[in-house]
Amino acid sequence: MQSNIDTVAIISGSICHKPPLIGNWKCGAPWETIVSKVLGTLADLPQDYRDAMARAGVAPLWPQMRNVLPHHAPVPVTKSHLWAYADVRPLLLRAGELTPVEKAERRVLFLADPGRGQGAMQATSTIYVGLQLLLPGETAPAHKHTPSAARIVVEGDGAYTIVDGDKLPMHAGDLILTPGGCWHDHGHSGTAPVIWLDALDLPLFVYLEGSYAVEAPLQAHRNRPDPSEVEYRAAGHAPVRRRDRAAPAAYPMMRFPWARTEAALRHVAAHNGGTSAELDYINPETGQSCLPTMGFTAMLLRPGVAVRPPLRSASAVYHVVGGHGSTTINGATHTWGPKDSFSAPVFAAIEHKAAGDAPAFVIRIHDTPLQEKLGYYEERER
Ligand SMILES: [Fe+2]
C-alpha cells in the first residue's frame with residue numbers, strides 16, 4: 001500500500017507512475033480504463049442475491065471498496081476540535097462533588113472526537129485523552145493494563161504517581177509515563193485539587209481486543225528520587241553498565257520534568273535563528289520514542305512566527321502548557337490559551353501561531369511511533 005501511495009497518482013485523468021528515484025512521472029492509459037470511477041452499489045444487486053448473501057454471512061466488497069481504500073490518501077473520521085479548559089474544568093470539579101473516587105476508580109472526563117460523536121472514547125483514531133481530577137487526600141488504586149499511558153500535569157501540586165515502585169512527583173507541565181504492563185497508582189498529599197491529562201493508546205488496544213487491566217493494593221515506593229533526578233539527570237548521560245549486568249529497563253525514565261523541558265526549549269530557541277523550537281521526548285537509553293505507539297514533543301512557538309509542519313500521516317492531540325495563540329487546521333482556526341487541548345486528524349494542514357509578546361508552549365501527542373513500526377509513516381510537502 002505504501003508503494004502505491006508514493007508512486008502512483010492520477011494526473012490529468014491518467015494513471016501515472018513515479019520512477020523509483022528522480023525523473024518525470026510516466027503516464028499511461030486514461031484512468032477510467034483501469035480504475036472504475038463509480039463502483040457498483042448494493043442496490044444494483046437483485047434482492048434475492050442480497051438475501052442469499054445475508055443468509056450465507058457474506059457481503060460484497062465493491063460497494064464499500066472506496067470507503068476502506070480511497071485513492072491517494074486516507075479519509076479521516078477524526079474531526080479537529082478544541083476543548084477549552086474553562087469549559088471542562090468546572091465539570092471536572094463538579095464530578096469531584098458528585099462521584100467519590102471510590103465510585104470512579106479514575107475520575108476522568110474524556111475528550112470525545114466530534115467525528116465519532118458524543119461518548120466516543122477517543123480524540124483521534126488511536127489517541128485517547130482524558131482529564132483526571134484527584135482531590136487532596138485521595139488515592140487512585142494500583143493497576144496495570146495493556147495500553148500505555150502518559151500524564152501531562154495541568155494544575156495543582158502535591159500529587160504523585162507511583163510507577164513500578166518509583167514515586168514520581170507531579171508538577172504542572174511534567175510528562176509522566178505509565179507504559180503498558182507497569183503498575184501505577186496515584187496519591188495526593190497537597191491541599192488543592194490536582195488535574196492532569198491522561199493520554200493513552202486505548203483505542204488501538206480496544207480495536208485489537210487486547211485491552212484489559214489488573215488491580216492490586218497501593219504500592220510501597222523506593223526511598224530515593226526517581227531516575228529523572230538520578231541516572232538521567234543530564235541530557236546525553238546514562239549510567240555506565242558492566243557487560244555482565246542487566247540491560248537497562250525498557251522504560252528507564254518515567255518522568256520528564258517540565259522545568260527542564262522549558263529550559264531546553266528556550267536554549268534551543270535562543271540559538272536557532274529566530275524560528276520556533278520542537279523537542280522530542282525520548283527513551284534516554286535508546287533515543288527512540290518514550291512509548292511504543294505514542295510520541296510526544298514539546299514546542300516553543302515564537303510570537304509572530306507561523307509554524308507550518310508538513311502534512312503528516314500521524315494524528316495528534318495538542319495540549320497548551322502556557323501562552324496564547326491560534327492554530328488553523330484544515331482551514332478552521334482554534335484560538336487557544338493555557339491548558340486548552342485540540343486535535344488534528346491525519347494529513348491535516350496545520351499552522352500554529354503564538355499571540356502576544358511571549359512564547360507559547362505546547363505539547364504534541366501523536367501516533368508516529370505506531371505508524372513507523374507499521375512501516376507507513378509519511379510526511380508530504382504542502
Ligand atoms: Fe491506568
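The following dialogue examines a predicted model of one protein chain.

Trainee: What makes up the secondary structure of the protein chain?

Mentor: The chain comes to nine helices and 25 strands. Its C-alpha trace spans about 70 × 60 × 55 Å along the principal axes.

Trainee: How do you know where the domains of the protein chain lie?

Mentor: The domain assignment gives domain 1 as residues 2-68 and domain 2 as residues 82-380. Between the C-alpha centres of domain 1 and domain 2 the distance is 39 Å.

Trainee: Why is helix α3 said to lie largely in the open?

Mentor: A residue is buried if 20 or more other C-beta atoms lie within 10 Å of its own. Helix α3 covers residues 47-56, and of these ten residues the number buried is zero, so the helix lies largely in the open. For the protein chain as a whole, 35% of the 382 residues count as buried.

Trainee: What follows α3?

Mentor: Gly-57 follows α3, and its phi is positive, near 75 degrees.

Trainee: Why are β4 and β16 called edge strands?

Mentor: They belong to an open sheet of six strands, in the order β4-β22-β19-β24-β17-β16, with antiparallel pairing. Strands β4 (82-83) and β16 (277-280) each pair on one side only, and they are the edge strands.

Trainee: Which helix lies across β16 and β17?

Mentor: Helix α8, residues 258-270, lies across β16 and β17, and also across β19 (316-322) and β24 (360-366). The helix runs at about 135 degrees to β16.

Trainee: What makes β10 and β14 the edge strands of their sheet?

Mentor: Their sheet is open and has five strands in the order β10-β9-β12-β7-β14, paired antiparallel. β10 (166-170) and β14 (213-216) each pair on one side only. From one strand to the next, the twist averages 25 degrees.

Trainee: How do you know that β9 and β12 are paired?

Mentor: The requirement is at least two bridges. Five bridges join β9 (residues 159-163) to β12 (residues 184-188), and the two strands run antiparallel; they therefore count as paired. The bridge partner of Tyr-160 in β12 is Gly-187.

Note on methods:
Residues are numbered from 1 along each chain as its sequence is written. This is a predicted model: local features need pLDDT of at least 70, side-chain atom pairs count only at pLDDT 80 or more; totals for chains, interfaces and linings use all residues. Domain bounds come from an automatic or database domain assignment. Helices (H or I, at least four residues) and strands (E, at least two) are DSSP runs, numbered from the N terminus. Two residues are in contact if their C-beta atoms, placed from the backbone, lie within 7 Å. Axes are lines fitted to C-alpha atoms, for helices over the stretch in contact, and angles run from 0 to 180 degrees between N-to-C directions. A residue is buried if 20 or more other C-beta atoms lie within 10 Å of its own, exposed if 12 or fewer, and partly exposed in between; C-beta atoms are placed from the backbone.
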